[in-house]
Amino acid sequence: MCASSPRAKAPFDTNRELERLAKLWIDRSRHRIRVHIFTDTAGYQDTNWRTTGLGPAVMVHDPHAADQYAAPRRTSHLTTATEIANPWLLWIRDSLQGQALDIVHFVTHGYLAGERGAIALASTPLLNTDTMFSRFVGSAEMSALLTQVGAWCLVLTGPPYNYSGAGLRELADSIALVRPGVVLVDELDLDREGAQFAATVEMVFGEGPAAAEAMPGITCWAHPRFVEYPRPPQQADLLTADGRSSLIEPATHDALASEQTPAWVAAATRYLEAQQSEWVPDTTEAAEVDPDAVAALRSVSRLLDNHVRRHLGTGPGGAT
């Protein structure tokens, strides 16, 4: 989780939101999780103190570790480069030291540049003095971060008086169009107590019941299985009963299920899933699955599994 309240936008209490959301993730997810928190120097000590009671599952990273990254230049334009340049994203990626993330969660204002969405951040984790311009991260750079840390989910929380809710939703939509997985936007102006977000976490991440009421503060891009949409029959042999790819080999699956999944394993798996989503028809009117495409995907999956066995020593049922 990363929270930033840039001086150029309406201020909000990043410490309070990080404490609240970290507790929500821990309480509402059925899995044992660890939460890595990234915030600026102004909020570091307070956030560290506030989250102490949540136990060792929460780690607040020291923003001074980001002093090696240069501040981005002032601009209202969004980069289309697929390399990570923003110091916040570099800090998150490098602080993990090769460990994978399942979920990346930003709490900050949205921004809309023309028809392209972005999040707005302070200049750096150490510098938040610019009252005119925030620093913006669009879909290209965000996708690069998700790929490099192996995340399958992106969550964007818009604070009260969010500068651009449309910007957050457009960014989320752009990510959802090119990556499999879950993308979720939560607007605190429409969900002040976080009840809608909590229900969504339980439904999507904790296998809770489907929502019984409308949730105007939530926009979610997810697998049709979450609304019990019928799966095309030609995809049955490529997906498991819970909607995951059936192409993932045993050693890779074991590595993904471990508490210390290397980022390269998760990133390679996300790539395989992305290729599968592109090559496998997603409508009942589409042609049958190309057997050559399936053979190619299985070949890539076996190659990945061989590397996992060689470097991590895992096999079916656990470590060897």
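Biologist: Where is the place of Ser-4 in the chain?

Modeller: In this predicted model, Ser-4 sits in the loop between strand 1 (2-3) and helix 1 (14-28).

Biologist: Why is Ser-4 called buried?

Modeller: The relative accessible area of Ser-4 is 0%. The term buried requires a value under 20%, so Ser-4 is buried.

Biologist: What makes the approach of Ser-4 to the backbone nitrogen of Ala-122 a polar contact?

Modeller: A polar atom of the Ser-4 side chain lies 2.9 Å from that nitrogen, and the cut-off for such a pair is within 3.5 Å. Not counting residues up to four places away in sequence, Ser-4 touches Phe-12, Thr-14, Trp-88, Val-107, Thr-108, Ala-120, Leu-121 and Ala-122.

Biologist: Asn-162 also has a place in a loop, between strand 8 and helix 5. How do you know that Asn-162 is buried?

Modeller: Its relative accessible area is 12%. A polar atom of the Asn-162 side chain lies 2.8 Å from the backbone nitrogen of Gly-110. Leaving aside neighbours within four places in sequence, the residues in contact with Asn-162 are Thr-108, His-109, Gly-110, Leu-168, Glu-187 and Asp-189.

Biologist: Tyr-161 lies in the loop between strand 8 and helix 5 as well. Does Tyr-161 count as buried or exposed, and what is its relative accessibility?

Modeller: Tyr-161 has 61% relative accessibility. Exposed means over 50%, so Tyr-161 counts as exposed. Tyr-161 has a positive phi of about 60 degrees, although it is not a glycine.

Biologist: Arg-20 is found in helix 1. Why does Arg-20 count as buried?

Modeller: Arg-20 has 17% relative accessibility. The limit for buried is under 20%, and therefore Arg-20 counts as buried. Beyond its neighbours within four places in sequence, Arg-20 is in contact with Leu-188, Glu-193 and Gly-194. Arg-20 and Glu-193 are 173 residues apart in sequence, and their C-alpha atoms are 9.6 Å apart in space.

Biologist: Which residues touch the most other members of the largest nonpolar core?

Modeller: They are Val-104, Phe-106, Ile-119, Met-142, Leu-154 and Leu-156, in a core of 32 residues. At least two residues of this core come from each of helix 3 (87-95), strand 4 (103-107), strand 6 (116-121), helix 4 (139-149), strand 8 (153-158), helix 5 (165-178) and strand 9 (182-187). Apart from this core lies another, of 25 residues, among them Met-1, Ala-22, Trp-25 and Cys-153.

Biologist: With which residues is Leu-156 in contact, leaving aside its neighbours within four places in sequence?

Modeller: Leu-156 contacts Phe-106, Ile-119, Leu-168, Leu-171, Ala-172, Leu-184, Val-185 and Asp-186.

Biologist: What makes a space in the model a cavity, and how many of 30 Å³ or more are there by this rule?

Modeller: A cavity is a set of points where a 1.4 Å probe fits but cannot get out. By this rule there is 1 cavity of 30 Å³ or more. The largest cavity holds about 50 Å³ of space. Its lining has 9 nonpolar, 1 polar and 1 charged residues, with strand 8 and strand 9 each supplying at least two residues. Trp-152, Ile-175 and Arg-179 are among the lining residues.

Biologist: How many residues line the second largest pocket, and which lie nearest its centre?

Modeller: The lining has 14 residues, with Pro-72, Thr-75, Thr-79, Phe-136 and Glu-141 nearest the centre. By class, 6 are nonpolar, 4 polar and 4 charged. About 320 Å³ of space lies in this pocket.

Terms used
Residues numbered from 1 in each chain as written. Predicted model: local features only at pLDDT ≥ 70, side-chain atom pairs only at ≥ 80, totals over all residues. Heavy atoms only, no water. 1 Å grid on protein atoms, 1.4 Å probe; cavity = no way out; pocket = protein on both sides within 12 Å on 5 of 7 lines; lining within 4 Å. Points joined across faces, edges and corners; volume = space filled by probe spheres on them. Nonpolar A, V, L, I, M, F, W, Y, C, P; charged D, E, K, R; others polar. Helix = DSSP H or I, 4+ residues; strand = E, 2+ residues; numbered from the N terminus. Buried < 20%, exposed > 50% of the residue type's maximum accessible area, 1.4 Å probe, protein only. Polar contact = N/O pair within 3.5 Å; in protein donor to acceptor, adjacent residues only side chain to side chain. Contact = heavy atoms within 4.5 Å. Core = buried A, V, L, I, M, F, W, Y, C linked by side-chain atoms within 4.5 Å.
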